[in-house]
Amino acid sequence: MAMDKLYEFLTGPALWITVIIFVGGLAIRLAWLFGLSQERDKPWHDFKSAVWAWRSIIHWVLPWASVSSRNQPVFTGAVWVFHICWIGVPLFLGAHNMLFDEAWGWSLPSLPDAVADWASLAVIACGVFFLVRRLSRPEVRILTSAWDYTLVLLALAPFVTGWLAFNQYGPYGLMLNLHIFLSEVLLIVLPFSKLAHMVLFFASRSAIGYEFGTRRGARVW
Amino acid sequence: MTAEAQKAADEAQENAAASPETEAPKPVNVGKIKTILAANEGARMRMWLSICSRCGLCAESCFFYLAKDKDPKLSPAYKAIHTIGKMYKAKGEVSREFLEECKEVVWGQCTACRRCTMYCPFGIDIATMIATARAVCYSQGIVPDGLARTTENIRTTGNQMAMATEDWIETCDWMAEEYGEEVHGLEIPMDKPGADYMYTVNPREPMYYPQDVGMAAEIFHVAGLNWTMPSTGWDSTNLAMFAGDRVVATIPVKAMYDKALELGVKNIVITECGHAFRSAKFEGPYWVGIPGGKPPVPVIHSVELFRDIMREGKIKLKHKFEHKVTYQDPCNVSRNGGLWDIGRELVNMLCDDFVDMTPNREHNHCCGGGGGFIPMGPPYKKRRMESGKIKAEQIRATGATHVIVPCHNCFDQINDLNKEYDLKVKVVSFKEIITEIMEIPESMIPPEEDEEEAIQAEEEAKEAIEKGAMEEAGEVQES
């Protein structure tokens, strides 16, 4: 019973709060940075160019499209798989879309469950690889703080708990609530942490695209 | 002095530079630091400081890191986090000891080459962050002596080597005379209004290598350019930029822009120097405060002008350059200037046997002499030689006998590396190659000496006749 009540809370008011903080947080951060840029980042605005923003972004969205990403091909592959699955699974999971449909009478196409299952495992596997890499490469370890490890674990937590719940390993009710709770924590933390690179990646890459491309005619990938 | 003795002396100086000051440390002006940090805390800086995901991809882009057995403390992210990152975190409330430590990092372990920027997935501009850290250190008088000296020179005289205007003009006249002996009619036009090109130099040219001025004049004259040398605003270099003094950095740029506008020239040409190009074309407009961020007159690098001259056939070659060459992409000409292809086009027009370094173009490694390193002088020479190992290996691997270098800092550094690593190469500028192999048109070949003598004798005779005639006329008048 307690689990049901918790579930109701987590998918009710807590979800609303989460969505508001997640969307609002990102929107406010973006708007605030944009405002600040007009005052203090003149080159950004003087050299704006959709072409250079696009070139700067696409060479880092596609795997192995930049020299740097080719220097560490395995890591790049893992990063790519991780991000695609990290975004794709929650959006296109059948179970999530049933909830979307229930709530709004509208849903996204659903991935076959088996694919989503493997994709979740891929996220976890890549995440473990990142942690191992972080610990084993001196130049990465020296940069890593406790908060960095926490963020990786937090980014993985919904996938671990979701996968366990989906496959009914462990106590289902607890696992499901844990999954929802940790996902909400993740979404609340995201706009205010470096995970905000979810949107700031595009801003930052555009800025450097203008700086090198429009301003200097030089590539930056 | 033997090489070893020199090395020992350098080391001694380096140790002296590194040892703590004996006097009581001066307090830190936190207000000033806060002001600098705030002025630079734009949207980009905030993003860069907050989104770095500590992936470590920047490490392998850095030649300091590579040259020192991948010391993780030399990775660009580490250097940024432990200097500018800490300054922001402490909101400017930092100690003098901390800033002294920062000095060794931001000047002694970074040439602001911006290679790491290219290798960062988020495009975090670490070199720009380091530049802000330099400005903070500088504001507290913490800066390598060599850069402090040159900055003071700029502040008091307008050029980094404190050369007097008369000396500059005299050097140009002298070179016009010298090179006029080889190319008939050669002159160095001073302050010519409406010229197509206003040529600007690095003060070391008139001070120590005046032939650089002469060679440029020779090329421009043979190519038939409508060009001029400015009597003021002729120093396009800007070491105050690397010292972190943006107020002084404005001085030479403004003088150059003002002169170009006063003369109404069509282009400002930058000598074979990398950071001068960066200062004049990209950074200068912001220091001077030109809306839009572009210089008031188009700024072009020598590499571009030489390429155009060659492409348009304004200069004919006797033959191509007969040695195996490689090309050093200066960071501020290629990676930060976008001219890597133009440089190669020019090399290929002049030379038959060209082999590229690996990596090359915008990915080329800094020589190790950029970002103010060369003028930082002996206290930093040892580490300049150590970190230059990467460049030395790159050059050796090409098997070239000549390295073409369109940048004065790279030029000095590669010359030093040549000795240190026994590379057995000759470092040359484009000017040297062009003047060596170009054809002097017949109309510009000075008359042979006896021919000249004959002409002189003829003129003397004429004069004598005229004089005689005058005297005669005088006599007539008198009578």
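Trainee: Why is the pair B:Glu60 and A:Arg137 called a salt bridge?

Mentor: A salt bridge needs a side-chain nitrogen of Lys or Arg within 4 Å of a carboxyl oxygen of Asp or Glu. For B:Glu60 and A:Arg137 the closest N and O atoms are 3.4 Å apart, so the pair qualifies. Across the interface of chain A and chain B the rule finds seven salt bridges. Keep in mind that this is a predicted model, where local features need pLDDT of at least 70 and side-chain atom pairs count only at pLDDT 80 or more, while totals for chains, interfaces and linings use all residues. Side-chain values use heavy atoms, without hydrogens and water.

Trainee: What makes residues of chain A and chain B count as being in contact?

Mentor: Contact means heavy atoms within 4.5 Å. By that rule, 45 residues of chain A are in contact with 50 residues of chain B.

Trainee: How do you know what area is buried between chain A and chain B?

Mentor: Buried area is the accessible area (1.4 Å probe) that two parts lose on being put together, summed over both. Here that comes to about 4,200 Å², with carbon and sulfur atoms giving 58%. In chain A, A:Leu143, A:Arg216 and A:Arg219 lose the most area to chain B, together 17% of what that side buries.

Terms used
Residues are numbered from 1 along each chain as its sequence is written. Chains are lettered from A and ligands numbered from 1 in the order in which they are written.
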